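Please open the structure in your viewer and keep the selection panel at hand, as this tour moves from one selection to the next.

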Amino acid sequence: MQVTGVYYLHKQSQSVHATLWLCDTGVQLLSDDELIAQFDDYQQGQQITGLPVELTFADGSRFVPHDAQHRWPSESRWDKALEAIERHKLALCVCVLAAALLCWALFFKIIPSTAATVARALPEPIVHAASEQSFEAVKYLYLEPSELSDARKQHIRTLWHNHIKKIENPPSHLQLHFFSAPKIGANAFALPDGQVVLTDELADALKENDTALLAVLLHEIGHVEYQHGLTLAAQSAGASVSLALLFGDLQGFAEIIMGTGSTLLQQQFSRDMERQADDYALRELKRLGYSSKAFAEAMEALAQAHELDPQQDSQWEYLSSHPAISERIERAQQAQE
């Protein structure tokens, strides 16, 4: 095979217009009928439609054909198929659509289901170690010693223990902690190993409504029951790795894209988990003989404590880690009906 092109010397700006002879024994490069290089082997470059496919030799030099349509005998069937697709507009559109569907299935079906399975399969010592590490970080950043009176703490603990005993197959190792949290205000959260934190601000917001406080605690137990914390961590890791594989090593720009994508995906997963924990709390309230209205009252108290209007917060739902408060109140009211 005879091919004309440009021969680039390794680590030099010099180039030579040459003719390449390709045979079974190797490659010969000639310029003005004079042999300038000879190689026993070569490596074919990436094949892109409309661009010439270069050859790279053992010493780092390269040969680029003049004809952009020229293809080498070493071209694989896969390369031929890809190039045929690139030249066919309909096939290219189908591939783009298939890639979009694959990404949707990966991020919203495969990763969530796999992460849930992984979270439930983790050994207890790993779950406890991860929870303790997270707890220490949260305490350092956001929590301060509780200022609730001993009588108030004892009242809430009694409410907690009395109802845990009535739950069918409650998660093991459930523990209740009290902390003040001026930075985050009225709130509660659960760790994967069963530790539940209630802030003074939320305890004060619901001091006249024990049933609403119970609804919040049941919601957090729901997070422990479904291992949402570990599942969320596994989903976030899976999404980051998948985005890294999709975008490749684009460094700065890719890091921004991957970070934003992982965050938004994580927020969507978190909203689904919040709804699942809400459903757990509503079911347990009903089974324990309480009205689902208590959950709605808890949401209203949370909105008031954070100075939110339940009817106005839905516009920020996409960027929120929780469903809109108005949606959660409505679902509680529907459960009551």
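Begin by selecting Val 118, which has its place in helix α2, residues 89-121, and bear in mind throughout that this is a predicted model. With a relative accessible area of 40%, Val 118 is partly exposed, because that value falls between the limits of 20% for buried and 50% for exposed.

Next, show helix α4 (residues 150-164) together with helix α6 (residues 210-225), whose axes come within 11 Å and cross at roughly 60 degrees. This makes α4 oblique to α6, and the crossing in which α4 passes α6 is right-handed.

The last stop concerns charged side chains, and a search of the whole structure finds 10 salt bridges. Select Arg 328 and Asp 278, whose side chains meet in a salt bridge at 2.8 Å from N to O; this pair links distant parts of the chain, since Asp 278 is in helix α8 and Arg 328 in helix α10, 50 residues apart. Asp 278 counts as buried at 1% relative accessibility, and Arg 328 counts as buried at 7%.

Finally, move to Glu 284 and Arg 287, which both lie in helix α8, 3 residues apart, or about one turn of the helix, and whose side chains meet in a salt bridge of 3.0 Å, N to O. Here Glu 284 counts as buried at 9% relative accessibility, whereas Arg 287, at 35%, counts as partly exposed.

Notes:
Residues are numbered from 1 along each chain as its sequence is written. This is a predicted model: local features need pLDDT of at least 70, side-chain atom pairs count only at pLDDT 80 or more; totals for chains, interfaces and linings use all residues. Side-chain values use heavy atoms; hydrogens and water are left out. Helices (H or I, at least four residues) and strands (E, at least two) are DSSP runs, numbered from the N terminus. Buried means under 20% relative accessible area, exposed over 50%, partly exposed in between (1.4 Å probe, protein chains only). Axes are lines fitted to C-alpha atoms, for helices over the stretch in contact, and angles run from 0 to 180 degrees between N-to-C directions. Angles under 35 degrees count as roughly parallel, over 145 as roughly antiparallel, 65 to 115 as roughly perpendicular and the rest as oblique. A crossing is left-handed if the near helix is turned anticlockwise from the far one by less than a right angle, and right-handed if clockwise. A salt bridge is a side-chain nitrogen of Lys or Arg within 4 Å of a carboxyl oxygen of Asp or Glu.
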